[in-house]
Amino acid sequence: MGPTGAGKSSFVANATNSGDEGVGHGLFSHTSEIKATRCTIGGSNVVLVDTPGSDATEKPDLQILESISDWLNKSYEKGTLLSGILYFHRISDNRMAGTPLKNLRVFQKLCGKKAMSQVILVTTMWDEVEESVGNERLEELVGNYWKVMIAQGSTTYRYGNTPESSRQLLSQLVKRKRCEVRLQKQMADKTMELRETDAGRELSSPLDQIAEKRAEITARRHQAGEQAAADNLGKQYSAPKAKLDEALPQVQAPKSTSVKRAAPFIRKAFR
């Protein structure tokens with residue numbers, strides 16, 4: 001898992017010696033659906049599951065999370081557990097804020113504390129930065145953004161973008177005990193809808209914040225006695241309105257019934 005362009009499909013191609021046919025080289029996410037690929041590592045049969053980028057431009061985040069949860073739940077129902085979860089991060093990125101930070105929080109909620117020891121934080125694109133710059137960024141990631149995950153058992157891996165580097169990492173995973181992630185437990189065992197899970201709530205919370213802000217401004221506009229005050233509130237109103245118009249398709253896109261039920265209420269709050 002990880003953002004678009006972080007090297008997930010390239011890793012799979014290197015591990016399976018399948019070339020770069022399925023590797024994206026542009027701004028758009030090449031992987032639009034869940035894709036499972038089989039290979040053999042040290043005599044063990046391994047299934048690599050490539051997921052769409054968490055910031056894919058052609059699909060809303062909630063829709064991507066739903067496709068991932070569907071695959072996880074179907075495999076869980078069959079008794080298939082995970083040996084490891086690889087989260088890819090470009091060391092060439094010079095900042096960690098906004099969307100990347102949000103997606104990391106969603107990933108943490110999806111895995112849960114119990115599965116955190118199965119997580120390997122894979123840094124890529126080392127050939128695009130100076131060694132000293134890359135080491136400095138890695139130190140910041142480990143000591144800040146990944147600190148909690150590492151404290152809970154996650155490890156890091158410097159990926160060299162070669163078949164040898166891919167297979168060396170996978171050889172560590174085949175020896176591990178398999179386990180489920182929190183999202184599987186919540187949806188399969190506790191029969192939660194996706195939006196009710198920790199990962200779903202983390203992804204949906206910005207929408208809730210937009211709804212609350214816009215409802216508040218709407219109420220104040222109705223109460224404003226002077227035209228100047230009303231005009232000023234109208235300007236404040238336009239920002240959350242634009243965010244809502246952009247975000248609502250993400251709420252309506254998934255099949256989850258709870259998400260569909262929520263959309264009309266959010267829309268009503270913004271009228």
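Guide: Let's begin with a definition: buried means under 20% relative accessible area, exposed means over 50%, and partly exposed lies in between, with a 1.4 Å probe and protein chains only. This is a predicted model, where local features need pLDDT of at least 70, side-chain atom pairs count only at pLDDT 80 or more, and totals for chains, interfaces and linings use all residues. Residues are numbered from 1 along each chain as its sequence is written, and side-chain values use heavy atoms, with hydrogens and water left out.

Visitor: What makes Ser69 count as buried?
Guide: Its relative accessibility is 1%, and the cut-off is under 20%, so Ser69 is buried. Ser69 belongs to helix α2 (residues 61-77); helices here are DSSP runs of H or I with at least four residues, strands are runs of E with at least two, and both are numbered from the N terminus.

Visitor: Which residues does Ser69 touch?
Guide: Leaving out residues up to four places away in sequence, Ser69 touches Leu183, Met187 and Leu194. Contact means heavy atoms within 4.5 Å.

Visitor: How do you know that Gln184 is buried?
Guide: Gln184 has 0% relative accessibility, which is under 20%, so the word applies. Gln184 sits in helix α7 (residues 182-189), and among the residues it touches are Leu72 and Tyr76.

Visitor: Why is the pair of Phe11 and Phe88 called edge-to-face?
Guide: A pair of aromatic rings is described by the distance of the centres and the angle of the planes. Rings of Phe, Tyr and Trp (its six-membered ring) pair if their centres lie within 6.5 Å; planes under 30 degrees apart count as stacked, over 60 as edge-to-face and the rest as tilted. The centres of Phe11 and Phe88 are 5.4 Å apart and their planes lie at 65°, so this is an edge-to-face pair. Phe11 is in helix α1 (residues 8-16) and Phe88 in strand β3 (residues 85-90), 77 residues apart.

Visitor: What makes Phe11 and Tyr159 an edge-to-face pair?
Guide: Their centres are 5.3 Å apart, within 6.5 Å, and their planes are at 65°, over 60. Phe11, Phe88 and Tyr159 form one aromatic cluster.
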